[in-house]
Amino acid sequence: MRALRAFLRSPAAVIGSVILLAVLVMGVSAHWFYPGDPLGLAGRPLQWPGQNPRFPLGTDPSGRDIAAQLFHGARVSLLIGFVATAIAALIGIAIGALAGFYGGAVDTALMRVTEAFQTVPNFLLLLVLVAVFGSTIETVTIAIGIVSWPPVARLTRAEFLTLRTRDFVQACRVQGLSDAHLILREVLPNALPPVIVYASVVMAVAILLESALAFLQLSDPNVPSWGNLIGLGRNVLRTEWYVSAIPGVAILLTILGVSLVGQGLNDALNPRLASGR
Amino acid sequence: MTRLLVENLTVRLPRGADREYAIEDVSLSLEAGEILCVVGESGSGKSVTASALMGLLAPGLVVTGGRMALSGLDLRGLGPAGWRAIRGRRIAMVFQEPMTALNPLMTVGAQIGEMWRVHLGLDAREARRRAIAALTEVRLPDPEGALRAYPHELSGGQRQRVMIAMALALEPEVLICDEPTTALDVTTQAQVLALIKDLQRRHGTAVMFITHDFGVVAEIADRVAVMRLGRVVEQGTAREVLTAPQHDYTRALLRAVPGLRAPPPRPLAAEAVLELRGLTKTYASRGLFRRRRPVRALDGVSLALRRGATLAIVGESGSGKSTLARCVVRLLAADGGEVLIGGAPLPARRREAARLVQMVFQDPYASLNPRRRVGAQVAQGPIAAGTPPAQALAEARELFTLVGLDPAAVDRFPHEFSGGQRQRIGIARALAMRPQVLVADEPVSALDVSVQAQVLALLRELQHRLGLSILFITHDLRVAAQLCDEVAVMRGGVVEEAGPIGAVFAAPRSEYTRSLIAAIPGRALFGA
Amino acid sequence: MTGPTRREMLVLGAGAMLAVPAMAQETPRRGGVLTVHFATEQRILNPSLQASTGVYIVGGKIQEALLDLDAEGRPVGVLAESWESAPDGLTHTFRLRRGVTWHDGRPFTSADVQFTAMEMWKKILNYGTTLQQFLTEVQTPDPHTAVFKYSRPMPQGLLLRALPDLGYVSPKHVFETGDIRQNPANTAPIGTGPFRFVQYERGQFIIAERNPNYWREGMPYLDRVVWRVVGDRAAAAAQMEAGQILFSPYSSLTIADLQRLGRDPRFEVTTRGNEGNVRTNTLEFNFRNPVLADIRVRRAIAHALNVPFFIENFLGPFAKPGTGPIPSVSTDYYPGPDVPQYPYDPALANRLLDEAGQRRGQGGLRFALRLLPAPWGEDIALWATFIQQSLQQVGIRIEIVRNDAAGYLRSVYRDHAFDLATGWHQYRSDPAVSTTVWYRSGSPVGAPWTNQWGWKDDRIDALIDAAATEVDPAKRRALYAEFVRAVQTELPLWMPIEQIFVSVFNRRVRNAGNNPRWASSSWHDTWLAS
Amino acid sequence: MRILRLAGRRLAASLPTLLIILAGMFLLLQLAPGDTVDALMAQIGGGDAAFAAEMRRFYGLDAGVPAQLWNYLSRLATLDLGHSAIYGKSVATVILERLPATLLLMVSALSFAFSFGLVLGVIAARRVNRWPDTLISTLGLIFYATPSFWFGLMAIVVFSVHLQWLPAGGLSDITRSLSGLAAVVDVARHLVLPTLTLGLIFLAIYLRIMRASMLEVLSLDFVRTARAKGLSETRVVARHVLRNAMLPMVTLIGLQAGTMLGGSVVVESVFALPGLGRLAYESVVQRDLNTLLGIIFVSALLVIAINFLVDILYARLDPRISAEE
């Protein structure tokens, strides 16, 4: 596939994929390296990394092994990132497609709703959703998804507005094909590339939002997510700063990986812009 | 006095291109007061030559051999400062696309004034005075107003005049024009060509004029160089090359140029398959244009297309011919009047209308979905109308043969085909629905002359074999003459004149039709 | 290495807690600005309307109560000079101090006491409403005498212990017109105290300045007191180290920062001055869940939690194992440790659970419970996680359900949507004030920190009622001892950890912590070394 | 005059949006467990049932939900934002007290992010694919990936505790009453770290958008014309490219306004700034519906105002727009 070769040639994509792969492997192999419950009591709390050979990365304020939480947390944070992005993409593409394809009253109405979501500060809306529906991992993920769809809707709408009057779409219309066919088979496949690239931004924001929620003690305590570990580390930040620093770096690297892959995708999917004269 | 000397100039293409060199061993010379036309089809390397002479080669392209000299100054050795000193001052260039060639956010006056302020360090007042003089010389209406105007407030033709005024501001020795009139209407093109010839004569500038249209060559060239796949295949005076071409490629090109003489009229059926009665379409000024009065694109148009015949709709841009085509296939809803197919009004539901009328589009690169196989795109119409998929695909293969393509190509993607082949696929897609009327909206104007000729031949053959009735939209009267039985000339949404094409072109009744015919470049050579 | 291990810290901390060290008698320096860390902003600042540490830290310096506690924790007169009670406990007379004026110049009289008692303590003040429910009237024979009349006997010990917190007086001439709750004086208090209110910028700071005509001659020493609103605990610790804050009250910094600042010579980290503010961590059972209604399961859960290990490793030196609802600091009523206790014994816990028929199923799981921790204390979160980890060992899977403050109170105390819950019980120097209400049946649904466990015990109810009205101190003490023995046996809820609030002083602050509720009292004698 | 009409039109267009938001949030918060009286009792640490019932009557929570929504909206029509349960005074005054801090923070963070994003974007585009470009782009990615609260706390530890250069929090040093220039400098010193923390993520976004926009414009025809006129590369960039490349940056300000307000919630809680962000978080936790809706109403107006300014700026930059108005 031409796009795949272009994707692998851009350095950003390669580094990004390597980082993401590492995080994925961490998540998948978590049960193998740390079979026990990562939230179980492993030893004395707040031991420095390397101080006790059993805990290479030390223990957190609740006496849990930070390395175990890092591995199991990888799966949780990636899961939150992917699921929230999927939700945001689904809602965003649906609304953007309908608004962009039909225009007129449908467009105005849907854009009013999108504007409403974008006028309310997204983190504030997230706080309300979590306060109302509780902070289990499911509600937090869905809430992040619900808060992040407007930019996807705007992007999809812009793509549909330009593609809908293209000749190949008009030709299908003249061939008597239904609107559904036009949207799903003709316009959407051509509108997706920029949306996929933007999905990497949505995923980065999703992981950041979850860690911000955990920082305010509003995330799900029964799940070993990196955000929770940072939240726990907040109280001991001045003395055992490593408790927050280690997951902070993990989140930073994962988002770096996701953004680099996004940039690589961008280079692969529209080479003209990327090569940059 | 040789202004420009080019010897064995060679420019290499980046890895992965379709051939190794953009241009190879190109040798040209340009004397003062002379217009050299460099003519060739797309991909012949004529634009690369021009860019090389201006030192503006696209990144990835590198001059690897040969010499270029401007009045003795070796251009290949010039550094950035050297190039800056001569660009605009001793050698200037005018580009093809007037719409995007000017900075949208700066006034015309500022953009022209820059020439004097940067090169001669004149102050704003002096630069303004010279700008007005330059704009008057290019015969721009209201030069004062133009200075304050922004590019989007001028027409295509006016913008091209501004570009020419800017290029000639500092009386350069050489002016390079890269297809400056291709994007313009035929009447505007005629005026701009006359302007360039007049300015060239008065200033004695050496002009290298790049075009793909032999009509333009016939109109203004003193000497001609014909290029093919990066090489100069023939060079000589205009008269020699046009009347006694040596190279068979040149001969083939000249043959492909459509003349104005229509073939003898053939008997036409009386019955009208397509009838337009009082068709009206007004564009309400929606959105940001609220205060402008509504534009009447079609104003009570009544026409008839006889079964098995071809009716040409000719006119300049803004005449309403495209709107007409889109109303016939119901891509646009008409405000008034009726469209009748075989006597009955066109059905409202898209699926029924599809069996009666189909359309072929202008831009080959936009009319096919890049992400789907071409066979599927041809067969999807019949499948939606109920033909079982297997049978629809088989029919698609037959249609590919009919339009002169390899049936096995149904499984390939659009990017694997040339412009001409894509138009053939577009025709196959339209024929798959077995429509009673085929609407073709400028189907060949985006193609090279040689490919244009082949597609027109295909259409003629299909019409004879299938008894097709074609509504043919074009701005090029010569193309209409080659294919169509009858013609309707449109202007401002109204039919100026209609009738059998031979009669109308031989003795046009309306003044507007006469001016259209007169504006066809190189009519003397080809028109007779 | 991370400095002294927890063991050494315990010794150091405990030492500071026992006796109030006699400060060398330096001569107090006049002037200076005391900056105080104000962690949880309140809606009002008037201590006669709202009894909470968040109000005392500010209102307690501007308004004064009838009584306060002295260095040894005994009631001492402030606005009241002397007092005596009738033997039957139905009449209590207070002789008011003379020559005291409100900040707006008006004289302080018994009418103010009468108005505040009848309109504020009895009708609006939380915990005051129950304490004064049998107060019928306050007679004012002369401007400097107030006589409290009760329809049921009010033990003098209970009243004198309760008044320092629930006895703040407000000016009648300010509050008598209009709705008391809407009165602007609630956020710009007018009192008789050593400091006068100046300015309150919501979310930023509160400023009070020296009261020139304060009734204690030559006092207060400080020019100004400034309360800085800082919500984030790590940021507050940073401001203390940057010298922008000189005193942080009521354990408002993180446990780790408390220990770190403790090792810094510039600061003193101690529980001295907070002996009057004691709280215990609770473990509340919901009897509507049949599994928890079985006493063996409740005892097994208690035995499965290694409290000493948790305190030593997680809470540091400022906590110690509790023995019952009445904490060891309450010299008058502490019944001593020989009441039923539940030491860490996982084998016994497993045996009890098997006896109760809760066999280990697939994956070693007996049953699952939902635990709702209160969302406000760092220690509560650690304790909840420790419970989750420990009960996992005896086959009980715990799902922690996190709520914010309003959601927690609604879910636990109104909707009863919990199996286990954990939070703070605050002991206010007498069991009748805010402790027995956790056990007494009959509290209306939705009342927080009351018996909402779906459990009732007539014998315990009778004991509570008797003790509340027993005038003879010795008999009252015996009744409460029997009460503690009964609840520790029945175990409707468990209070395994006892903690005293921790204060962090910049050593420049002198005469700090010189009474058991110093953070809430008036700081009339506090001064700043240069 | 034209500007007023423009403002009127934009306000009218966003009224339906505003109504959707307010009604939606009002109903959403009805589902939240517990109400403002529960929150009040949690804060006090005490209070019996009688106290709770009396307070619920006082806050008007006993009326049915539709009734409460109706009288909230009818009061809103007269621009009366109602009474704040937390502060015991009108929501309007509470918000006006907290608005300056948030505006100061947002304006400084926005101008920091915009200007540095612009400069770095241009540098990266001018030396594309060479080391300045890779360095700036990687820095941009790292800034983008850093959780803002984490950066804030670390900044406090380094700059205010160890180096003692900058104050650790708050908006001004209240122990010393300053005036005039000294006060301005003091507030500025307090705003340095919060501005850096809030602005960082937006710097990364503006940087990337500016680089992409510059590359896009450099590939357009009129740049080739400018070069053909013999202009130096710097003059081409300065006079022709920059202004065209700025257009997407300006639109971004409008789109980002909402997210920036969201970001301020965390930054204000870390730096103890008395802004709308923290007030909003407090009012959610305290279930103070009037204040929360008041904040959303004001922030919606703020976002609309910012978008309006963006439209004017855009019209000034791009003659094609203003010609049609």
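Where is the place of B:Leu393?

Modeller: This is a predicted model, in which local features need pLDDT of at least 70 and side-chain atom pairs count only at pLDDT 80 or more, whereas totals for chains, interfaces and linings use all residues. Residues are numbered from 1 along each chain as its sequence is written, while chains are lettered from A and ligands numbered from 1 in the order in which they are written.

B:Leu393 lies in helix H14 of chain B, which takes in residues 389-402; helices here are DSSP runs of H or I with at least four residues, strands are runs of E with at least two, and both are numbered from the N terminus. B:Leu393 counts as partly exposed because it has 18 C-beta neighbours inside 10 Å. For this class, a residue is buried if 20 or more other C-beta atoms lie within 10 Å of its own, exposed if 12 or fewer do, and partly exposed in between, with the C-beta atoms placed from the backbone. Apart from residues up to four places away in sequence, B:Leu393 touches B:Gly375, B:Ala379 and B:Val410, where a contact means that the C-beta atoms of two residues, placed from the backbone, lie within 7 Å. B:Ala379 is 14 residues from B:Leu393 in sequence, and their C-alpha atoms are 5.7 Å apart in space.

H14(B) has 14 residues and reaches 20 Å from its first C-alpha to its last, close to the 20 Å expected at 1.5 Å a residue, where the expected span is 1.5 Å times one less than the number of residues. Its buried residues are B:Ala392, B:Ala396, B:Leu399 and B:Phe400. They cover an arc of only 105° around the axis, and therefore sit on the same side of H14(B); the arc is that of the directions from the helix axis to the C-beta atoms. These buried residues pack against helix H13 (374-384) and helix H15 (419-432) of chain B, whereas the face turned away from the buried side carries the exposed residues B:Ala390, B:Gln391, B:Glu398 and B:Thr401. After H14(B) comes B:Gly404, whose phi is positive, near 85°.

Chain B has a mean pLDDT of 88, and 98% of its residues reach 70 or more, pLDDT being the predictor's confidence in each residue, from 0 to 100. Over residues 286-290 of chain B, however, pLDDT stays under 50, and the model has 3 contacts beyond four places in sequence for them. Where pLDDT is low, the predicted coordinates should not be read in detail.

Chain B also contributes to the largest nonpolar core, which has 509 residues and in which A:Leu126, B:Met208, B:Leu471 and B:Ala480 touch the most other members. Such a core is a set of buried Ala, Val, Leu, Ile, Met, Phe, Trp, Tyr and Cys residues joined through C-beta atoms within 7 Å. Leaving aside neighbours within four places in sequence, the contacts of B:Leu471 include B:Leu274, B:Leu305, B:Ile313 and B:Val437.

Chain B and chain C do not touch, and their nearest C-alpha atoms are 46 Å apart. Among the 5 pairs of chains that touch, the most contacts are between chains C and D. That contact takes 47 residues from chain D and 49 residues from chain C, and the largest share of the chain D side, 7 residues, comes from H2(D). By class, the side of chain D that touches chain C has 28 nonpolar, 12 polar and 7 charged residues; Ala, Val, Leu, Ile, Met, Phe, Trp, Tyr, Cys and Pro count as nonpolar, Asp, Glu, Lys and Arg as charged, and the others, Gly among them, as polar. Chain D also meets chain A, with 42 residues of chain D in contact with 34 residues of chain A, and the side of chain D that touches chain A has 31 nonpolar, 10 polar and 1 charged residues. Chain A itself has 11 helices and 0 strands, and 61% of its 277 residues count as buried.
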